[in-house]
Amino acid sequence: MAEPRPNRSVLRSPGQGPQSGGGRTRRTDGGRLADTPGDAPSSDRSVEAIRRYYDTFAEGEADRLTKDVAGRVSFEIHRRFMVNHLTKSQRILEIGAGPGRFTTVLAEHGARVVVTDISPVQLHLNEVNVTAAGSEHAVEARHTLDVRDTSRFPDASFDMVLAYGGPLSYAFDQERQALAGLLRIVKPEGVVIASVMSLWGSWRARFPGATQLAIRYGTDVTDAVIRTGDLRHVPGMTHVCRMFTWEQIATLVAECGGEILAGSASNWASLEDPTILADIERSPQLWERFIAYETAACASVGARDGGTHILFAARRS
């Protein structure tokens, strides 16, 4: 797991990628669709499926944010959002660190990093890539870690917790427990920076696939996904997750005893025509101006639901 993983918030057709065990929607006595699919795996089983997914995905995660121009824009949006909260000599817990793209950025800013990921394979790749980048000196330790359980760390242990790549979207009904744990281990003046998969942004970015789901399985299924954000409602869905809206994230942070400091979408205009983006990227002057505009657009309240991920910074209130 590692983030920003823009393409993880997938309203894809079933049958793509390693099988993670989807669920079907069920009806309550009143005829409403239940919020949790009746035959969905438990949270533990769903999380274990995600672990296997990223073990299998392996090196495919390493170039996801560099192989195309949209990924490079998303990386820069994430980087700028994070850097706004970085100072020298911070001790940082990185959750879902994956192959190390943000670990190296943290090292460049003088941080001491405890690197974690749910996938042992991704942790190994992190060590390989961070060492190759000359940044291994910044790594204090590496651990396999499920975002739902940070009990190994004492209260107020870190200046920052970084959870890019949507780890909270893989908590599967235990996102409150997970976020409360992150707020517990950050210092009172510290910050939790995280991303989750975006419900409306994913619908926007994956509209053709979402439409096919309605055609194939009926609107009961898509109604359930839109209402709950839970892709386990889709029969046979691979790489499931929970998607959120900005309003839900603001409520979740407050319920966990925190307050929002900043928010952003992971992308906005960069979800449009890639050929135009490629033309812009060839001009350093146009590229820098575009990134500035894109950063401002993503941070505006009206656009925070419009990217594939929602980024937020929060602290204990």
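Q: Which helix holds Trp200?
A: This model is predicted: local features need pLDDT of at least 70, side-chain atom pairs count only at pLDDT 80 or more, and totals for chains, interfaces and linings use all residues. Residues are numbered from 1 along each chain as its sequence is written, and side-chain values use heavy atoms, without hydrogens or water. Helices (H or I, at least four residues) and strands (E, at least two) are DSSP runs, numbered from the N terminus. Residues 199-205 form the helix that holds Trp200, helix α6.

Q: Is Trp200 buried or exposed, or in between?
A: Buried means under 20% relative accessible area, exposed means over 50%, and partly exposed lies in between (1.4 Å probe, protein chains only). Trp200 has a relative accessible area of 35%, so Trp200 is partly exposed.

Q: What is the area of the nonpolar surface patch made by Trp200, Trp203 and Phe207?
A: Patch residues have over 30% relative accessible area and no salt bridge; like charges are joined within 9 Å, nonpolar side chains (Val, Leu, Ile, Met, Phe, Trp, Tyr) within 5 Å. Areas come from the Shrake-Rupley method with a 1.4 Å probe; for residues, only the protein chains shown count as cover. For Trp200, Trp203 and Phe207, the patch comes to about 310 Å².

Q: How many salt bridges does a search of the whole structure find?
A: Side chains of opposite charge can pair when their charged atoms come close. A salt bridge needs a side-chain nitrogen of Lys or Arg within 4 Å of a carboxyl oxygen of Asp or Glu. Across the whole structure, the search gives a count of 20.

Q: Which strand holds Asp159, the salt-bridge partner of Lys187?
A: The Lys187 and Asp159 side chains meet at 3.2 Å, N to O. The pair links distant parts of the chain, 28 residues apart. Lys187 is in strand β5, while Asp159 is in strand β4.
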